[in-house]
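Have the sequence and the model open beside you and try each task before reading on.

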Amino acid sequence: MPDEKTQSSVSTAEAPGANTVRITFQPENVTVEYERGKLPYRDHGKPESILDIALNNNIFLDHACGGNCACTTCHVHVIKGKELLSEIDDDEADRLDMAADLQLNSRLGCQVVIEKPGEIVVEIPAWNRNYVSEGH
């Protein structure tokens, strides 16, 4: 894909290892790779959550409540790799009920954690991209 931008949290010369997570954020088409379990925690959402990964790689994902599962601004759609993610818990499901454009693949970026290495694609919905907040 000629338009795809790739960032890496871990510098490696070889092909992705068995513990590598590759996550693509749409519609920006930015792909990030990192070694699972070695991502610095940014204190927003759960460690290794989609929000945590986005913040570690300077990808804007709104999070008005600071990643505390108190709003739906970090709502994303999981396009690929659902089987690599944590199961939805009751708190996240209850909060998602209030989200706009709720879909079967909807998750809160602050709550959904990468549990297994592999390839994941998430979409930040157009109505959820607030480029004015948090100095963006």
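## Exercise 1: Charge pairs

Glu35 and Lys38 form a salt bridge, with the closest N and O atoms 3.7 Å apart. A salt bridge here is a side-chain nitrogen of Lys or Arg within 4 Å of a carboxyl oxygen of Asp or Glu. Before going on, note that this is a predicted model, where local features need pLDDT of at least 70, side-chain atom pairs count only at pLDDT 80 or more, and totals for chains, interfaces and linings use all residues. Residues are numbered from 1 along each chain as its sequence is written, and side-chain values use heavy atoms, with hydrogens and water left out.

Task: find how many salt bridges the whole structure holds, and examine the one between Lys46 and Asp89.

Solution: 
- Step 1. Searching the whole structure gives 5 salt bridges.
- Step 2. In the pair of Lys46 and Asp89, the closest N and O atoms lie 3.5 Å apart.
- Step 3. This pair links distant parts of the chain, 43 residues apart: Lys46 is in the loop between strand E3 (30-35) and helix H1 (50-56), and Asp89 is in the loop between strand E4 (75-80) and H2. Helices (H or I, at least four residues) and strands (E, at least two) are DSSP runs, numbered from the N terminus.
- Step 4. Lys46 is partly exposed because its relative accessible area is 31%; the classes are buried (under 20%), exposed (over 50%) and partly exposed in between, with a 1.4 Å probe and protein chains only.

## Exercise 2: Cysteines

Solution: 
- Step 1. Count the disulfides (pairs of cysteine sulfur atoms within 2.5 Å): the structure holds 0.
- Step 2. Cys71 is in no disulfide, and its nearest cysteine sulfur, that of Cys65, is 3.6 Å away.

## Exercise 3: Overall layout

Task: list the order of the elements, then state what share of the protein is buried.

Solution: 
- Step 1. The protein has 2 helices and 6 strands.
- Step 2. Starting at the N terminus, they run β-β-β-α-β-α-β-β.
- Step 3. Of the 136 residues, 46% are buried.
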